[in-house]
Amino acid sequence: MERDTHSRESILEAMRHLTHGVYVLGTRRGRQSNAMTASWVMQACERPPAVAVAIRQDRYTHDMVLESGTFALSILRDSQVKLAHHFSETSGEYHDKLQGVPYGLTPGGSPYLLDCLAYLDCRVMDTARAGDHTLLVGEVTAGETLANDYPLIYDPGEYEGALS
């Protein structure tokens with residue numbers, strides 16, 4: 001039987017083989033901090049250093065980032081799958097996901113996890129609509145390596161669509 005390679009299912013199945021890391025994206029609006037698990041992240045350019053992050057438009061964090069104009073990415077270690085789940089299980093609109101998790105604030109004011117490989121402090125420099133997501137391009141204004149380990153790589157079977 002011939003398979004329809006143009007079908008949505010076929011395309012999504014093939015896209016599951018793209019490799020990317022798992023991150024916790026933190027942002028702050030006024031006194032309110034929030035964080036979410038993000039996996040659709042990539043380096044966008046070197047001059048200036050920038051990253052691109054895709055966030056679904058119905059996520060609570062989406063509007064917070066757009067309003068604040070800043071976000072931080074905490075790069076998770078390969079042993080931090082449970083932490084990635086913690087930040088993807090519920091909305092920050094109803095639950096303070098940072099409560100009980102050691103975090104600091106970047107020079108730009110966004111929360112980052114103290115227990116991670118590294119963090120990047122970003123200022124939103126551009127946005128683009130990408131279907132049900134917004135692609136945020138953030139200039140990296142500060143960053144620090146906190147540990148030496150392997151990064152957590154996204155495995156679609158571990159997350160069941162909870163990310164981004």
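# Strands, cores and cysteines

Trainee: What is the relative accessible area of cysteine 122?

Mentor: Cysteine 122 is buried. That term means under 20% relative accessible area, with exposed over 50% and partly exposed in between (1.4 Å probe, protein chains only). For cysteine 122 the value is 1%.

Trainee: Which pLDDT do local features need?

Mentor: Residues count from 1 along each chain as its sequence is written, and side-chain values use heavy atoms, without hydrogens or water. This is a predicted model, where totals for chains, interfaces and linings use all residues, side-chain atom pairs count only at pLDDT 80 or more, and local features need pLDDT of at least 70.

Trainee: How many disulfides does the structure hold, and which cysteine sulfur is nearest to that of cysteine 122?

Mentor: Cysteine 116 is in none, with the sulfur of cysteine 122 nearest at 13 Å. Cysteine 116 is also buried, at 1% relative accessible area. For cysteine 122, the nearest sulfur lies 11 Å away, in cysteine 45.

Trainee: In what order do the seven strands of the open sheet run?

Mentor: Strands here are DSSP runs (E, at least two residues), helices likewise (H or I, at least four), all numbered from the N terminus. Two strands pair if DSSP finds at least two bridges between them. Here the pairing is antiparallel, and the order is β2-β1-β5-β8-β9-β4-β3.

Trainee: Why is one side of β2 and of β3 left without a neighbour in the sheet?

Mentor: Look at the partner count. β2 and β3 (41-45) each have a single partner strand, so one side of each has no neighbour in the sheet. Both strands stand at the edges.

Trainee: Which residue of β9 is the bridge partner of valine 51?

Mentor: β4 and β9 run antiparallel, joined by seven bridges. Within β9, valine 51 has as its bridge partner glycine 138.

Trainee: Why is β5 largely enclosed by the rest of the structure, and how many of its residues are buried?

Mentor: Take its two faces. Thr70, Ala72 and Ser74 point one way, Phe71, Leu73 and Ile75 the other, and all are buried. β5 is largely enclosed because its buried residues number six of six.

Trainee: How many bridges join β5 to β1, and how many to β8?

Mentor: Both pairings are antiparallel. β1 and β5 share four bridges; β5 and β8 share six.

Trainee: How many residues make up the largest nonpolar core?

Mentor: A nonpolar core is a set of buried Ala, Val, Leu, Ile, Met, Phe, Trp, Tyr and Cys residues joined through side-chain atoms within 4.5 Å. Among those with the most contacts inside the largest one are Leu25, Val51, Phe71 and Leu73. Elements giving it two or more residues include β1 (23-29), β4 (50-56) and β5 (70-75). The total is 18 residues.

Trainee: Which residues beyond its neighbours within four places in sequence does threonine 106 contact?

Mentor: Threonine 106 sits in the loop between β6 (103-105) and β7 (111-113). Threonine 106 is buried, with a relative accessible area of 5%. Its contacts (heavy atoms within 4.5 Å), leaving aside those neighbours, are Ala72, Tyr112, Tyr119 and Asp121.

Conventions. Disulfide = S-S within 2.5 Å.
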